[in-house]
Amino acid sequence: MEHIDHLKVFETKIEQDINIEAKDWMPDDYRKHLIRQISQHAHSEVIGMQPEGNWITRAPSLRAKKILLAKIQDEGGHGLYLYSAAETLGIGRDELIQQLHDGKAKYSNIFNYPSLTWADIGAIGWLVDGAAIVNQVSLQRTSYGPYSRAMVRICKEESFHQRQGYEIMAKMMAGTAAQREMAQDAMNRWWWPALMMFGPHDTDSPHTGNAVKWKIKRQSNDTLRQKFIDKTVQQAEVIGLTIPDPDLKWNEEKKSYDHGEINWNEFREVINGNGPCNRQRMSNHIKAHEEGEWVRKAASAYSNKQKLRVSQ
Ligand code: 3HC
């Protein structure tokens with residue numbers, strides 16, 4: 001078929017909400033857009049294991065340790081689903097990891113902040129996974145089949161992540177004055193970076209135009225951010241936490257909250273490698289990747305042997 005015919009078939013599928021599958025023809029720019037977004041999503045899941053991993057040995061109870069271990073293992077699995085979805089687009093995992101190590105691929109801003117106290121583990125689960133849920137529920141309807149199906153699987157686990165974080169914050173806010181202060185301090189430090197997770201304003205987003213045209217994004221950055229704010233402010237009020245935004249105010253006309261301006265300079269600094277923990281997160285990732293070389297070699301040697309045995 002001619003290019004023009006392929007494009008017509010592709011555009012008709014997008015229009016009719018028919019998933020694009022790995023074997024389907026797709027415009028190169030659509031493929032490149034997906035590789036960029038899905039791989040950065042995968043990198044985020046794996047790097048996101050670091051701030052929480054710091055607290056496994058310091059969890060305040062065996063129950064808390066078990067929950068945290070389960071959550072962190074989930075995140076590793078999410079990374080696996082997403083790297084596998086990215087590989088269906090014709091790029092290898094080694095290349096994706098190299099792009100991350102070379103600074104050519106990003107991961108979410110949020111994981112470049114330190115997890116200083118146990119309340120941070122609550123704030124990460126409640127706010128970071130809470131923001132991720134809003135974004136990922138919308139992504140369940142993304143036009144690329146493998147990505148959409150990965151999102152359905154991941155969303156099933158995210159609500160447990162958000163719930164356990166909120167439970168930690170609720171418990172601390174019902175605790176001693178010192179625990180309440182610790183929880184509010186974590187809220188103050190994680191609130192604004194969590195809003196930045198949704199990306200720049202729609203008017204400053206170079207990718208949203210195509211993302212919406214190709215139904216990769218079903219809702220824009222600002223729409224999803226607002227959804228998260230409206231939902232989370234009420235949750236904070238229930239347990240007595242204060243949102244660190246003096247301009248936050250209910251807008252009866254809009255039926256949603258007006259809020260203060262996000263510090264986009266901080267956002268740009270952090271996503272360009274100058275956040276509090278960028279260097280540490282990257283050196284840990286590179287070190288773990290290098291130390292894991294023997295595991296990858298053994299796994300591929302075993303699978304090659306299996307393939308040989310089957311072919312004989
Ligand atoms: N952190 C880092 N970089 C970001 C960012 C963020 N929060 N938001 C935007 N950017 C980058 C974009 O990657 C792009 O840079 P690039 O051209 O080098 O890729 C640039 O800023 C412009 O942003 P756009 O809004 O135009 O880019 P997108 O259309 O890709 O939208 C996004 C950004 C909303 C993050 C979108 O990529 C997306 O929905 N990604 C999937 C979700 C995701 O990656 N979530 C990360 C968190 S995962 C997580 O929280 C796991 C949980 O289990 C803990």
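Reader: What makes the residues of the shell around the ligand nonpolar, polar or charged?

Author: The residue type decides. Ala, Val, Leu, Ile, Met, Phe, Trp, Tyr, Cys and Pro count as nonpolar, Asp, Glu, Lys and Arg as charged, and the others, Gly among them, as polar. The shell in this predicted model therefore divides into twelve nonpolar, eleven polar and seven charged residues. As for ground rules, numbering starts from 1 along each chain as its sequence is written, and side-chain values use heavy atoms, without hydrogens and water. Local features need pLDDT of at least 70 and side-chain atom pairs pLDDT 80 or more, while totals for chains, interfaces and linings use all residues.

Reader: Which residues come nearest to the ligand?

Author: Lys-106, Glu-158, Ser-205, His-207 and Lys-217, of the 30 residues around the ligand. A residue is near if one of its heavy atoms lies within 4 Å.

Reader: Which elements give two or more residues to the shell?

Author: Helices H2 (28-47), H6 (118-139), H7 (145-173) and H11 (264-274) do. H2 gives the largest share, six residues. A helix here is a DSSP run of H or I with at least four residues, and a strand is a run of E with at least two, numbered from the N terminus.

Reader: How do you know that the span of H1 is close to the expected one?

Author: The expected span is 1.5 Å times one less than the number of residues. H1 (residues 3-15) has 13 residues, and 18 Å is expected. Its first and last C-alpha are 18 Å apart.

Reader: What makes Lys-215 stand out by its phi?

Author: Most residues other than glycine have a negative phi. Lys-215 has a positive one, near 55 degrees. Lys-215 lies in the loop between H9 (208-213) and H10 (221-239).
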